Every structure is written in structure tokens, then in C-alpha cells.
Amino acid sequence: MAEADLCPDPVTTLTEVGSSITIHQELDQILSIIVEKGARGTRSQVVLIEVQPNELASKPELFACHGVGAETRNHLSQFIPFSRRCYTEKEIVFIKDYRLEKEGAVPEFARSQRIKTLTAVPLRWREKIVGAICFFRTQKEPLTRQEKNFAAALATQTVIAIQQAELVLERQTGYFKTIKILANVIDRKDSYTHGHSARVMEYALMIADRMGLKGKERQEVGDGGYLHDLGKISVDLSILQKPGRLTPQEWERMIIHPQVGAEIVSETEALKELAPIIRHHHEMFSGGGYPDGLTREEIPMGSRIVAVADAYEAMTSDRPYRKGMGREKAVKELRRHAGTQFDPEVVGLFVELI
Ligand SMILES: [Fe+2]
Ligand SMILES: [Fe+2]
């Protein structure tokens, strides 16, 4: 490898790490970029990050590493006695020769990779040392001044990345609490259909998984399913629970629920992306549904999924005034309306799963 490859410009590298923190959402992904860049920027064979739980990160003994195989990762805790020396010394610690050190066993990867030195750089969060980023090298010499400065800057970026991930986690926890509260509101309003929202979510997620949806997209389908009927809180119970046909006036009241639900979630920053799924869950695939009479791909995919999940759940569950229909009959109904009411592709996938 050329020298230029081994020692990239530290400013460029740190800028790249900085932008990875703003681009990537997953902490593991960011930390693996940090350890990889750290190895190149300091000419180290192995780079590890260790963070104390509860101080900064909720994940216990958070590790990221570069330069060791998967089988070694289980034994990473062996190096903790060495890395934690920088906790007490509160500065960069350089260990010249493991074999002369008393604490802990010499980590197996250090032995097998002929590692000679370890430089442990403390991760500082406010006044505390909360972890370390460790650079293992086969060279005997300590890091150069420039490499040390680079390592210290990388340590700061590591702390920022972890702190940011913790904030995201906190926000998500708040988000899930909000979802639960809202879903409870729907269930309390109409105890006849108790559990409908949760089952629609379950079916919607089955379809999403079958379609291979991942991450945020998958979650929105599930949460959209959970909250699809949120707007029913604005509809009178006498209408919601009416066993017979609705009068035109009652129907008018009933069909505003997708719009109302979408408006409610739009007002919450964390939920506003669910608004289109909720708004369009009563659109019909060939047009003529409500509120906007959209057709085919104009209808968000999440709404097309929820529509099938919703209809199946409604058909198969018991109501005080009627017994739910069996699977066979409900599947037949879905098939009969595939292409008109429902997206035929979604129906095709769902009936295979159910
Ligand atoms: Fe609905
Ligand atoms: Fe529903």
C-alpha cells in the first residue's frame, strides 16, 4: 500500500467522519467508519471503541472495531483493563509492550496479530471519561504528534456520534409512547372494535415484510395501520356502532375520519409522515374512494396495504350484532374486489400469508 494511502490527510478524513455523522442514522455504521478511518489515519492494525454503559450510551459495553475478525469480537473485553487506564490517568495512554503489563490477559488478537503497542485515547463527555478509542500497532514507536492530534479529534467525533444516537433513541421512545396513547384513545372510544387497530398493524406488517420493506418505510406501514382510524374520535359513537345502514347524513360524518386522523398526526412532528397513509386508507384502487378519489399508484403504497389489512380484519372479527366471517370467505371477498377496491398485488401477497 502506498504511503499516501496509509496516511490520508487528517483534515479530509475528519471532515468525512463529520459528514458520516450527519448522513448515517445507525450508530454502528458511524462507528465502523470511525474505526476504519482511524486505522488508516494512525497506521494502526486494529482500532477499537469501548464505551461505559449508562454514562453516555444506553447500550452496555458498546464496541466497534476494525482489523479483527468476527470470532475475535467476542473477546474484545480482554482489552478493557488496558484501555481503562486512560480513565484514571485522564489522558492518552501509551502502552509500549503488553507482555510487561500486569493487568488482564494479553488479548488474543494482539498476540496473533503481533501487536506491540496500544494507544488508548479517552472519550470525554463533559467532565467525565466515558470510554476509549484504542489504536493497536505492530510498530514499536508511539503515535506521532500529528497522529495523536488526529486520534484526539476522532475521539471527540466519536462522543458526538454516540450522543446524537442517544438523542435519536430518546425521541423514538417519545414517539412510541405517543403512538400507544393515540391507539388507546381509539380503542376506548369504540370498545366494540377493540383490538382492531393492533390487528390491522399486524397484518400490514406481514404484507410489508413480504414486500421486503425495511426500516422507516416498514415502520410507517405498521404505525399507519395502528393509527389508521384515529380520526374516528370525531365521529359519534351512535354512528360508529350502528348495526344497520347509515343514513346519508351519518355517512357524511363517517367518511371524514381519514382526513381528521391525518390532520391530527400532521400536528405532531414525530407522526406527520403517517398522514398520507391515514388520509388515503379508504381510497379505491380503480378510483371512487374517499377523500380524494385517487387511483392506482396515486394512492400511497402504505394506504393500499392498510386497506387490505383493514378490510380483512373487519370482515373476520366478531361484532355484537354479527359474527365475523371465516378465512375462506374473507379471502374470496378480497379476491373479488382485487383491482377495483384493492391493489391486486397486495391482495395476492396477503392471501398467501393468511
Ligand atoms: Fe377507516
Ligand atoms: Fe379500520
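Which residues of the largest nonpolar core touch the most other members? They are Ile34, Val35, Val47, Leu48, Ile133 and Cys134, in a core of 43 residues. The model is predicted. This briefing covers its cores, a set of paired strands, a helix pair and some backbone details.

**The largest core**

- H8 supplies the largest share, with eight residues.
- Cys134 touches Val47 and Leu48, and also Phe79 and Ser83.

**A second core**

- A separate core holds 37 residues.
- Ile179, Ile186, Tyr226 and Ile264 are among them.

**Strand S1**

- S1 is mostly covered, with six of its six residues buried.
- Both of its faces are covered.
- Val46, Leu48 and Glu50 are buried on one side.
- Val47, Ile49 and Val51 are buried on the other.
- S1 runs antiparallel to S5, and six bridges join the two strands.
- Val51 has Gly131 of S5 as its bridge partner.

**Strands S4 and S5**

- S5 is largely enclosed by the rest of the structure, because eight of its 10 residues are buried.
- S5 also pairs with S4: nine bridges join them, and the two run antiparallel.
- One of the pairings sets Trp125 against Lys128 of S5.
- S4 and S5 form a hairpin, with two residues between them.
- Arg126 sits in the turn of this hairpin.

**Helices H15 and H16**

- H15 spans residues 301–316, and H16 spans residues 327–336.
- They pack at an angle of about 140 degrees, and their axes are 10 Å apart.
- The crossing of H15 and H16 is right-handed.
- H15 makes the contact through Val308, Ala311, Tyr312, Met315 and Thr316.
- H16 contributes Arg327, Ala330, Glu333 and Leu334.
- By class, the contact has six nonpolar residues, one polar residue and two charged residues.

**Backbone details**

- Where is the cis peptide bond with omega near 10 degrees? It runs from Tyr290 to Pro291.
- Pro291 lies in the loop between helix H14 (275–279) and H15.
- Arg43 has a positive phi of about 55 degrees, although Arg43 is not a glycine.
- Arg43 is found in the loop between H3 and S1.
- Arg126, also a residue other than glycine, has a positive phi near 55 degrees.
- Arg126 belongs to the loop between S4 and S5.

**Exposure of the two arginines**

- Is Arg126 buried or exposed? Arg126 counts as exposed because it has 8 C-beta neighbours inside 10 Å. The cut-off for exposed is 12 or fewer.
- Arg43 has 17 C-beta neighbours inside 10 Å, so Arg43 counts as partly exposed. A buried residue needs 20 or more.

Note on methods:
Residues are numbered from 1 along each chain as its sequence is written. Chains are lettered from A and ligands numbered from 1 in the order in which they are written. This is a predicted model: local features need pLDDT of at least 70, side-chain atom pairs count only at pLDDT 80 or more; totals for chains, interfaces and linings use all residues. A nonpolar core is a set of buried Ala, Val, Leu, Ile, Met, Phe, Trp, Tyr and Cys residues joined through C-beta atoms within 7 Å. Helices (H or I, at least four residues) and strands (E, at least two) are DSSP runs, numbered from the N terminus. Two residues are in contact if their C-beta atoms, placed from the backbone, lie within 7 Å. Two strands pair if DSSP finds at least two bridges between them. Axes are lines fitted to C-alpha atoms, for helices over the stretch in contact, and angles run from 0 to 180 degrees between N-to-C directions. A crossing is left-handed if the near helix is turned anticlockwise from the far one by less than a right angle, and right-handed if clockwise. Ala, Val, Leu, Ile, Met, Phe, Trp, Tyr, Cys and Pro count as nonpolar, Asp, Glu, Lys and Arg as charged, and the others, Gly among them, as polar. Lists of a residue's contacts leave out its neighbours within four places in sequence.
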